[in-house]
Amino acid sequence: MKLSQAEYKAIAKFMEQLRPTRQCMKMLKDRFPSHSQSTLLSIFSLEYQRRIKRTISKHHTPEALESYYQRYLSAAKTRPSSPVLLDLANEVDFSPSLMARLILERFLQDQESAAPTKVVINSMLREPSLIPDHSLANHVYQCTINDCCYGPLVDCIKHAIGQEHEILLRDKLQERNLSFLDENQLRAKGYDKTPDIILEVPIAVEGHIVHWIESKASFGDECSHRTYLNEQFWSYWNRFGPGLVIYWHGFIEELDCNRDRGILLGDCFPSDIVTLCHGTGQG
């Protein structure tokens with residue numbers, strides 16, 4: 001799905017009032033019914049993570065941390081069956097999973113009289129039953145399953161979706177009998193920084209030569225696309241020639257402005273592929 005810059009800004013503006021809960025996705029879908037849920041979730045995740053990056057420092061001050069911890073202890077004592085930690089995160093406009101991490105770290109400091117390691121924290125966030133306090137374990141679990149942007153559950157889902165789309169890309173190439181090397185094969189050959197696919201025989205897509213394809217299971221907005229260009233796409237272009245980036249959840253159409261320079265954007269596997277002979281295009 002391609003959106004204009006104006007359409008994207010309208011969606012992002014509406015998202016400013018939302019929290020990363022399951023209910024927020026229903027509100028988005030009701031407000032923008034013509035857009036797919038995967039596109040809306042990808043955009044919301046991008047915008048919410050930016051919001052958190054802008055404000056995260058204020059939640060990590062010693063004063064804020066102690067205030068949150070004492071408020072949590074008080075609420076957990078008076079309302080043990082209520083989602084008090086999730087409510088606290090939403091009240092102060094902070095990610096539930098990140099709030100759970102803060103409170104868990106503070107709790108373990110009290111228990112162990114020393115700062116817990118990241119390994120311990122991460123294992124408890126992934127498996128809250130490891131937390132020695134049953135009530136806190138329950139509240140941490142409520143935070144992680146109700147956060148659609150951060151946390152171990154989201155990380156697993158994002159990884160799985162990324163893998164799924166890379167497999168989909170390989171399947172599509174095989175259906176068209178196109179010879180290619182995937183990322184694992186390229187690494188085995190000694191390449192360190194590679195796109196997902198290198199085509200052994202180049203193709204033409206919409207009149208543009210393509211030597212490589214990168215799969216992105218996300219929405220391509222201005223900030224993330226600029227980062228990808230600088231850190232990935234131009235280096236691929238320098239090494240392998242012109243290529244295609246597939247943003248499976250859509251992108252801002254104005255960003256597709258480097259076609260003549262050798263980077264083409266798409267939101268699905270191209271349907272109008274022409275297979276070229278060896279030696280055609282940039283070597």
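**Close-up 1. S95 sits in the loop between α5 (84-91) and α6.** Helices (H or I, at least four residues) and strands (E, at least two) are DSSP runs, numbered from the N terminus. This is a predicted model, in which local features need pLDDT of at least 70 and side-chain atom pairs count only at pLDDT 80 or more, while totals for chains, interfaces and linings use all residues. Residues are numbered from 1 along each chain as its sequence is written, and side-chain values use heavy atoms, with hydrogens and water left out. S95 has a relative accessible area of 0%, so it is buried (under 20%; exposed is over 50%, partly exposed in between; 1.4 Å probe, protein chains only). Beyond its neighbours within four places in sequence, S95 is in contact (heavy atoms within 4.5 Å) with Y48, I52, A89, D147 and Y150.

**Close-up 2. Here is the largest nonpolar core, with 66 residues.** Such a core is a set of buried Ala, Val, Leu, Ile, Met, Phe, Trp, Tyr and Cys residues joined through side-chain atoms within 4.5 Å. L28, F44, L85, M99 and L104 touch the most other members. Helix α6 (residues 96-112) gives the most to this core, eight residues.

**Close-up 3. L28 touches F14, M15, L18, L40 and F44, not counting residues up to four places away in sequence.** A second, separate core has 16 residues, including L173, I197, V205 and L244.
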